[in-house]
Amino acid sequence: MYVGWVWIRPRVVGRSGWQVALPGGPLTLLQIGIGIVDLCFCALAMYMLLPDEPNIGFIMLAVIFVSSTLLGFASSAPGGLGVF
């Protein structure tokens, strides 16, 4: 929904003398893609550091890692404290 909103025309939000120009649709998709790649590489780094004994596959670890990261954002606790 947001991507469609900024894709139509340039958007500026704010009031009085304070305004922020939002990135357009293609740049927003690029930022989303960079975020996905970043989370994948973070999960890969964690997978490489995981010992052999729990024997958790990469996909399972990535799902757990991304879920805990999203829960950390949703909790609004500093650094996602308590989620991990």
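**Helices and aromatic pairs in a predicted model**

Tyr2 and Trp5 both belong to helix α1 (residues 2–8), where they sit three residues apart, about one turn of the helix; helices here are DSSP runs of H or I with at least four residues, numbered from the N terminus. The model is predicted, and local features need pLDDT of at least 70, side-chain atom pairs count only at pLDDT 80 or more, and totals for chains, interfaces and linings use all residues. Residues are numbered from 1 along each chain as its sequence is written, and side-chain values use heavy atoms, with hydrogens and water left out.

A pair of aromatic rings is described by the distance of the centres and the angle of the planes. Rings of Phe, Tyr and Trp (its six-membered ring) pair if their centres lie within 6.5 Å, and planes under 30 degrees apart count as stacked, over 60 as edge-to-face and the rest as tilted. By this rule the count comes to two aromatic pairs. The rings of Tyr2 and Trp5 have centres 6.2 Å apart and planes at 50°, so this pair is tilted. Tyr2 is partly exposed at 39% relative accessibility, and Trp5 is partly exposed at 36%, where buried means under 20% relative accessible area, exposed over 50% and partly exposed in between, with a 1.4 Å probe and protein chains only.

The pair formed by Tyr47 and Phe58 is edge-to-face, at 5.7 Å centre to centre and with 75° between the planes. Tyr47 lies in helix α2 and Phe58 in helix α3, so the pair ties together parts that are 11 residues apart in sequence. Tyr47 is partly exposed, with a relative accessible area of 31%, and Phe58 is partly exposed as well, with 28%.

The axes of helix α2 (residues 25–49) and helix α3 (residues 58–75) come within 9 Å and cross at roughly 120°, the axes being lines fitted to C-alpha atoms over the stretch in contact, with angles from 0 to 180 degrees between N-to-C directions. That makes α2 oblique to α3, since angles under 35 degrees count as roughly parallel, over 145 as roughly antiparallel, 65 to 115 as roughly perpendicular and the rest as oblique. Contact means heavy atoms within 4.5 Å, and among the residues of α2 that meet α3 are Leu39, Cys42 and Tyr47, while those of α3 include Phe58, Leu61 and Thr69.

Thr28 is also found in helix α2. Thr28 is buried, with a relative accessible area of 5%, and touches Tyr2, Val3, Val6 and Pro23, not counting residues up to four places away in sequence.

Technical notes: Helices (H or I, at least four residues) and strands (E, at least two) are DSSP runs, numbered from the N terminus.
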